Amino acid sequence: MVAVVGPVEPALLTAWTAHYRRLGVERFHLAFHFPQHVPDAGRRQLLTTARELGLPTGQVSMGPWHEHTNSELRDALREQAGPGWHLLADSDEFHTHPAPLAEVTEAAEENGRAVVGGLMLDRVSADGRLALWRPEDGLDRTFPLGGHLTHCLLHGDPRKIVLALSDAAVASGNHHAPGRKPDPHTLACVHHFKWRSGVVDDLRRRVDHFTNGAWTEHTPAVRSEATRLLQHIDRHNNNRIDVSDPRLGFRHVTLDRMPDDWATEAARIHTAWRPPRQSWPGSTISSPSF
């Protein structure tokens, strides 16, 4: 496992670690990054939880979360991890695969592929509220619906590289691997548990810092996606996502099995996805074609 962990709640880190250990992950290469607004007590609590879970905590950095911060930390971790397959996941991403990991990587190698892909499925509460969850309730019960919020509403890239051989470079956000193509018919489901209580403050802070230059951005994509989500919940009051919108395709899903008809659905979206046109303030540019 190679992952950069931000200031998530300790319960999420605990659930995330347990999920990947159930998948067979034994070695974790982690970096923890804390922006300036995170209080010392929150930082200490998360690192204490990590140590209690037996996770490495030697890589800790603090400061602005520039757009390149995650990639730089991730690539340093991949160097440390050494040769072989690297599993890549953000701390709010929980992968479900169509087969055990050993079989997934073996099939990729047999087909001459250096990467395995996935597609994000955004998880939300039953009524779309940005809910506070409790470990005793669990993520599946608190966020039972899965849909294509990132893809259809935010116009973000829903593609993910979930496994990569050590010599395969991976782009920012783990969205694609230059010169490498995953098999679109065997995509993992990347359950995305971002839409929890507290995300609105995080998104507003991100927009403000990118806008005023405190955090460096290289494309307008991250800021644009955050702005679209904020505008959406403002229209639907009480910090809610409109789960009734048929375009978003929300339905009940769980972490313990692939969603119904996932292979066909994911392949269709993955194959057809193209980056939207993005605009900087005062100008118009096209996003790069991958």
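Mentor: Gladly. This is a predicted model, and its chain holds nine helices and 12 strands.

Trainee: What share of the contacts between residues at least 6 apart in sequence joins residues at least 24 apart?

Mentor: That share is 77%.

Trainee: Which residues of α1 are buried?

Mentor: They are Leu12, Leu13, Trp16, Thr17, His19 and Tyr20. These residues cover an arc of only 160° around the axis, so they sit on the same side of α1.

Trainee: What do the buried residues of α1 pack against?

Mentor: Their partners are the strands β1 (2-5), β2 (29-34), β4 (85-87) and β5 (93-96), together with the helices α2 (40-52) and α5 (139-142). Just after α1 comes glycine 24, with a positive phi of about 110°.

Trainee: Now the rings. How many aromatic pairs does the structure hold?

Mentor: It holds five. One of them joins tryptophan 16 and tyrosine 20.

Trainee: Why is the pair of tryptophan 16 and tyrosine 20 called edge-to-face?

Mentor: Two values decide this. The ring centres are 5.5 Å apart, and pairing asks for centres within 6.5 Å. The planes are at 65°, and over 60 degrees counts as edge-to-face, so the label follows. Tryptophan 16 and tyrosine 20 are four residues apart in helix α1, which means about one helical turn separates them. In general, an α-helix has 3.6 residues a turn, so residues three or four places apart point the same way.

Trainee: What makes phenylalanine 143 and phenylalanine 193 an edge-to-face pair?

Mentor: Their ring centres are 6.1 Å apart and their planes stand at 65°, so this pair is edge-to-face. The pair links distant parts of the chain, 50 residues apart: phenylalanine 143 is in the loop between α5 and β7 (145-147), and phenylalanine 193 is in the loop between β9 (188-192) and α7 (199-212). Phenylalanine 143 and phenylalanine 193 are buried.

Trainee: On to charges. Why is the contact of arginine 196 with glutamate 9 called a salt bridge?

Mentor: The closest N and O atoms are 2.8 Å apart, and a salt bridge needs a nitrogen to oxygen distance within 4 Å, so the pair qualifies. Arginine 196 lies in the loop between β9 and α7 and glutamate 9 in the loop between β1 and α1, 187 residues apart. A search of the whole structure finds 17 salt bridges.

Trainee: What makes lysine 160 and glutamate 93 a link between separate parts of the sequence?

Mentor: Their side chains meet in a salt bridge at 2.9 Å, N to O. Lysine 160 lies in strand β8 (residues 159-165) and glutamate 93 in strand β5, so the bridge ties together parts 67 residues apart in sequence. Lysine 160 is buried at 4% relative accessible area, and glutamate 93 counts as buried at 2%.

Trainee: How do you know that aspartate 140 and arginine 123 form a salt bridge?

Mentor: Their closest N and O atoms are 2.7 Å apart, and the cut-off is 4 Å, so they do. Aspartate 140 is in helix α5 and arginine 123 in strand β6 (residues 115-124), 17 residues apart. Aspartate 140 is partly exposed at 27%, whereas arginine 123 is buried at 0%. Elsewhere, salt bridges with shared partners join Asp90, Glu93 and Lys160 into one network.

Terms used
Residues are numbered from 1 along each chain as its sequence is written. This is a predicted model: local features need pLDDT of at least 70, side-chain atom pairs count only at pLDDT 80 or more; totals for chains, interfaces and linings use all residues. Side-chain values use heavy atoms; hydrogens and water are left out. Buried means under 20% relative accessible area, exposed over 50%, partly exposed in between (1.4 Å probe, protein chains only). Helices (H or I, at least four residues) and strands (E, at least two) are DSSP runs, numbered from the N terminus. The arc is that of the directions from the helix axis to the C-beta atoms. Contact means heavy atoms within 4.5 Å. Rings of Phe, Tyr and Trp (its six-membered ring) pair if their centres lie within 6.5 Å; planes under 30 degrees apart count as stacked, over 60 as edge-to-face and the rest as tilted.
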